[in-house]
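This report describes the surroundings of two ligands in a single structure. The sequence and the model come first, and the notes follow.

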Amino acid sequence: MKHHLSVLGSTGSIGTQTLDVAEKLHLQVHALTAHSNIALLEQQIRRFKPELAVVFDEEKASQLRLAVRDTATKVLPGMDGLIEAATLDSADLVLNAVVGMVGLQPTIAAAQAKKDIALANKETLVAGGDLVTRAVRSNGVRLLPVDSEHSAIFQCLQGNPPNKALKKLILTASGGPFFGKTTDELKNVTVEQALHHPNWSMGAKITIDSATMMNKGLEIIEAARLFDVSGEDIDVVVHRESIIHSLIEYNDHSVMAQLGVPDMRIPIQYAITYPERYPSPVAELSLAQIGRLTFFEPDYDTFQCLRVCKQALAMGGVATAIANGANEEANMLFRKGRLRFLEIGELVAGAVASIPNQTPKTVEDVLTADQMARQYVTDRV
Ligand code: NAD
Ligand code: MG
């Protein structure tokens, strides 16, 4: 188990659950970061006494520096601060739980600084692709999945390393709040309706991504890159109960699954304690109490983000960065009431279809593609 953590995005849904896990396991937390919620970050600083706290927003960083001047914690702003948190000498595991592709550079910096990485921030892997996996491989560090589906697959693969006998990965999807709805029924759905996820309590961006099923599209790309599997060998099945977190199938058609109550503290803890397991405060699974589990085909026509992500993965190059960037922008504009729900998928599809694709050689190429995709969306609002 890694005992020295740096937690990027510590004030978010995954971040706060990570700190609960860290506290129960008596781990040391050396760095904490937030975008701008300095009230919560200050509480976390007083609880964990980290060496470094980072606030992305510069003005808020100055305010926090004043507020915690009685502590030994250093406060830094911006991307430089995030990179410093990701590369701190004292940390051996960086848990990246920021939302959005802003997590890309810190993830690569962590790998270059020889830190193992527990990754919740799927946008990093979707946008950065090979640049991330290559940095991980060439520096000989671990990239441990925190996303529940990917943790499930990773757990199923223990003792069964991916090899020729592995036929496919099967990602489960809750289907979100709009499962079974037609395009017509989705025309006028509100932000409040889209934010109402049936099984998970998560940050706003991923909750909207679950409603559009962009989340599952991002997860197909994430799985392809984490496990080096082609998109054609990744299936999605809608499983409303979120009890089976994902499955793998071998060429003899034996299927293995990982189950548990829907609680992110299980995959978070496994990423931290891997390869060991420790007791957890998460409730036991009672299958008899649940009674039945159901499964359905996803609807690739109504939820076009899912289809577009598969296409972008097959296209390669910066296509997945374009899909991700367009979605980050459209998701945010929908939450601000400036786009309709179905326009998110239309804009992601439009951006992937019309922005020229190329093979990224550097992180700058990815950042440029991301900017072009965001611009494509803002130009059409
Ligand atoms: P959240 O919105 O609750 O928290 C996001 C964190 O990132 C916060 O600490 C915030 O301060 C920080 N942040 C936001 N914008 C930033 C910026 N520009 N610069 C620096 N920091 C910034 O989100 P979340 O639900 O915890 O999700 C975090 C990541 O984990 C996402 O990539 C999400 O897809 C993934 N994930 C979340 C869940 C879940 O259950 N919440 C499950 C699987 C994967
Ligand atoms: Mg997931």
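## The magnesium site

Along the sequence, the donor residues of the magnesium ion (ligand 2) follow the spacing D-x1-E-x69-E. These protein donors are Asp147 (OD), Glu149 (OE) and Glu219 (OE), at 2.1 to 2.2 Å from the ion. Donors are N, O and S atoms within 2.8 Å of the metal (3.2 Å for Na, K and Ca); water is not among the atoms, so sites may look incomplete.

Glu149 belongs to helix α8 (residues 148-156) and Glu219 to helix α12 (residues 214-227), so the pair ties together parts that are 70 residues apart in sequence. Helices are DSSP runs of H or I with at least four residues, numbered from the N terminus. Glu149 counts as buried because its relative accessibility is 8%, and Glu219 counts as buried at 1%. Buried means under 20% relative accessible area (1.4 Å probe, protein chains only).

## Basis of the model

The model is predicted: local features need pLDDT of at least 70, side-chain atom pairs count only at pLDDT 80 or more, and totals for chains, interfaces and linings use all residues. Residues are numbered from 1 along each chain as its sequence is written, chains are lettered from A and ligands numbered from 1 in the order in which they are written, and side-chain values use heavy atoms, with hydrogens and water left out.

## Polar contacts of ligand 1

Oxygen atoms of ligand 1 lie 2.7 Å from a polar backbone atom of His35, 3.1 Å from a backbone N or O atom of Gly12 and 3.2 Å from a polar backbone atom of Gly9.

Definitions and conventions: Polar contact = N/O pair within 3.5 Å; in protein donor to acceptor, adjacent residues only side chain to side chain. Helix = DSSP H or I, 4+ residues; strand = E, 2+ residues; numbered from the N terminus. Buried < 20%, exposed > 50% of the residue type's maximum accessible area, 1.4 Å probe, protein only.
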